Amino acid sequence: MEAKVRDFFMSGFIADAHCDTLLDLAQNKRRFMEKSSTGHLDFPRMEEGRVALQFFAAFIGSEYKPERALKRTLQLIDVFYKEVLANDKEIVLGTSYRQIKRAIQKKQQKVALLTIEGGEALAGDLHVLHVLYRLGVRGIGLTWNQRNDIADGVWESTSGGGLTNFGRRVVREMNTLGMIVDLAHIAEKGFWDTLQVSEKPVMVSHANCRKVHDHPRNLSDEQIKALADAGGVIGLTLAPDFIGKERDLDSFLAHVDHVAGLVGTKCIAIGSDYDGIEETPAGLEDVTKMPNLVIALFKRGYTLEEVKNIMGQNLLDYLAKIL
């Protein structure tokens, strides 16, 4: 086992498609470049956990919607630049595939990719989308759980609402710019609409499998198959409510096994939701424990190539199609 893990860290890397750390930083709960005993993720703990690529979501709380959503987004982007990129010798903003790949290969800098969780940030204006792109944003979750002017979130699933006309324009423009379309919180009708409209693969940054645990935020087998067929990825999440009754590491791995058995391992990524959840499975208490997941996958019988794909390579390959 030690040899397998050593081989992984010689030739592979860890990437995480979702965290909410910017919220804690915005509330001055801790500093990003200092190791903390609170929360799940900071730079020293990223180093310890051997995470090379981390997606940072600017989550727009319900209290800011809709009128103050854009202002809140800009505040969080400012926090991202001041805290996360305070030392660009240690961590760099990821904006292109080649740049991200080069940084990962050189192992001299961590890569931070900036995303937004909630299309309310656009304020109904495609010009804002272009400005956010220029500010370094490379992915947007079209909805959180509520309805917005792009689509319905999962809380509104009973309405049967999908992408609006504006939402269709947003998806097409994101395709043109080279931005990640994230469907983690969208109602199922909007999921299918987006797959039909998008000319590029989409991702679901943090969700699990409904067949393993029936939760409205988890994907059905039909959705997982369609996502994989379109070249997309699903970031399987550590959020306890999406894992199952036991909420432990084995229960999380059951979701990995299910996707692997359904469509193979090439569409599987990790979307921890660190700092967006209060509880975590034992053994994955914070980002320093990510190597435990590598070990657990090997114990589960996955090959070196499969573990490399799940833990990071699939996410990087997906970025090659988008950015």
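Tutor: Let's begin with F56. Setting aside neighbours within four places in sequence, F56 is in contact (heavy atoms within 4.5 Å) with C19, T21, L22, F32, L41, M46, F80, V84, A112, L113, L114 and T115. Before going on, note that this is a predicted model, where local features need pLDDT of at least 70 and side-chain atom pairs pLDDT 80 or more, while totals for chains, interfaces and linings use all residues. Residues are numbered from 1 along each chain as its sequence is written, and side-chain values use heavy atoms, leaving out hydrogens and water.

Now step back to the set that F56 belongs to. The largest nonpolar core has 90 residues, and L22, F56, V84, L142, F252 and M311 touch the most other members. A core here is a set of buried Ala, Val, Leu, Ile, Met, Phe, Trp, Tyr and Cys residues joined through side-chain atoms within 4.5 Å. Buried means under 20% relative accessible area, exposed over 50%, and partly exposed in between, with a 1.4 Å probe and protein chains only.

Helices are DSSP runs of H or I with at least four residues, strands are runs of E with at least two, and both are numbered from the N terminus. Helix α11 (residues 249–263) packs against α12 at an angle of about 65°, with axes 11 Å apart. Axes are lines fitted to C-alpha atoms, for helices over the stretch in contact, and angles run from 0 to 180 degrees between N-to-C directions. From α11, L249, F252, L253 and V256 make the contact, and from α12, L293, A296 and L297. By class, that is seven nonpolar residues, no polar and no charged. Nonpolar covers Ala, Val, Leu, Ile, Met, Phe, Trp, Tyr, Cys and Pro; Asp, Glu, Lys and Arg are charged; the others, Gly among them, are polar.

L236, in strand β8 (residues 233–236), has F252 and V256 among its contacts, along with A207, N208, H255, V259, I268, A269, I270, G271 and S272, leaving aside neighbours within four places in sequence. L236 counts as buried because its relative accessibility is 0%. The C-alpha atoms of L236 and S205 are 7.5 Å apart, although the two residues lie 31 residues apart along the chain.

E188, F191, W192 and L195 of α8 meet E222, Q223, A226 and L227 of α9. Here the classes are five nonpolar, one polar and two charged residues.

Last, a loop residue to look for. D273 sits in the loop between β9 (268–270) and α12 (290–299). D273 has a positive phi of about 70° although it is not a glycine, and it counts as buried because its relative accessibility is 7%.
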